[in-house]
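Keep the sequence and the 3D view side by side as you read. We will start with a pair of strands and then turn to charged side chains.

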Amino acid sequence: MTFERFTGTARKVVVTAQEEARKLKHHHIGTEHILLGLLQVPDSTAANVLHRLGYDEETARADIAALVEPGTKELRGHIPFAPSAKKTLEVALREARQLHHHDIGTEHILLALVREGEGVGAQVLAERIRPIGKVRAAVLTTLEGSQDGAAGPWPNGTPATEETVATAGALAGGAPVGSHHLLEAMLRTENSMAARVLRELGVDPDAVAAKIDELDPEATADANPEEAAARKMDLRLVDDEVHLILRDPATVALAKKVTELSDGPIQGVGPVAGMFVPLWQSTNQLLAQVRDMLEPEPESEEEDESTAHKVTKAVRTALAPRLRR
């Protein structure tokens, strides 16, 4: 992997991640090491976002230690990237392109870390920051003032615009932000000019949400593989079993090949158990996020007027009714 388009700060993160892997005597650089690298560059956008969300290096080290044991043999020379870390750095490039940024900064690495979703870095963040979409929302809100990379053509925005963009990012979750996310975010942003105009024209946010869920984005320029796969997934409780159902053709084809090679179903026993752990953790994180979305919001004597709270409130309003269908 080459790092020509990485900013100096982003390169420092990668170097620090390798140092962290070496300290822990790990044979690969994982997303947990990238997370530690992000937190050790204090002036970066990523570190500032994580600190504002209440997540610091000390917490990260404790969370990582609970999931990953240190190695036993000291390593020398180059340490390769684990598949999850390599994927994160590749997705960082896609995040930069999506935001019309020429260079890849720490903000894009953090967005990619969350979007990758399966690595230890994303798992420990999801345990502490709920819903995990808060990270993306906070990054998008922050970018205008303190981005590491070169800015694209997006103009300066009003507070309502920043809140709308952050809400759209949270609604998109791990998928790229589409025009449908922006449309719904405009309607969900209280006290914005766009919301007022649309509502005075009789546009109902819930009706728009229902139509978005009904239509398939695959025939539009908003099509993306992440959302296409997610729309074909179900998570069901059948007696005392949790069934995770995936119907996208790529996953089905891969599963057919694997079961053909293994001559039957794959069970999480023996050495295979460790391969099942990320799936188990991701499923529990998803269920916890849905639970938090559906449970009554805790009452507070003081109304939180922060952008992060407004985004969380808007996403809860948008998603809770759909989850109850």
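Helices and strands here are DSSP runs, numbered from the N terminus, and a strand needs at least two residues. Two strands count as paired if DSSP finds at least two bridges between them. Bear in mind that this is a predicted model.

Start with the hairpin. Strand β1 covers residues 233–238, and strand β2 covers residues 241–246. The two run antiparallel, and six bridges join them. Two residues sit between β1 and β2 in this hairpin. Asp 239 is in the turn, and its phi is positive, about 55°. Within the pair, Leu 235 stands opposite Leu 244 of β2. In a regular strand, side chains alternate between the two faces of the sheet.

Now the charged side chains. The structure holds 15 salt bridges. One of them links Glu 95 and Arg 115, with an N to O distance of 3.1 Å. Glu 95 belongs to helix α5 (residues 83–98) and Arg 115 to helix α6 (residues 106–116), so the pair ties together parts that are 20 residues apart in sequence. Both Glu 95 and Arg 115 are buried.

The next bridge stays inside one helix. Arg 188 forms a salt bridge with Glu 184, and their closest N and O atoms are 3.3 Å apart. Both residues lie in helix α10 (residues 179–188). They are four residues apart there, so about one helical turn separates them. Is Arg 188 buried or exposed? Buried means under 20% relative accessible area. Arg 188 has 9% relative accessibility, so it counts as buried. Glu 184 has a relative accessible area of 4%, so Glu 184 is buried too.

Look next at helix α11 (residues 193–200). Here Glu 200 forms a salt bridge with Arg 196, and the closest N and O atoms are 3.3 Å apart. Glu 200 and Arg 196 are also four residues apart, about one turn of the helix. Their surroundings can be read from accessibility. Exposed means over 50% relative accessible area. Glu 200 reaches 63% relative accessibility, so it counts as exposed. Arg 196 has a relative accessible area of 55%, so Arg 196 is exposed as well.

Technical notes: Residues are numbered from 1 along each chain as its sequence is written. This is a predicted model: local features need pLDDT of at least 70, side-chain atom pairs count only at pLDDT 80 or more; totals for chains, interfaces and linings use all residues. Side-chain values use heavy atoms; hydrogens and water are left out. A salt bridge is a side-chain nitrogen of Lys or Arg within 4 Å of a carboxyl oxygen of Asp or Glu. Buried means under 20% relative accessible area, exposed over 50%, partly exposed in between (1.4 Å probe, protein chains only).
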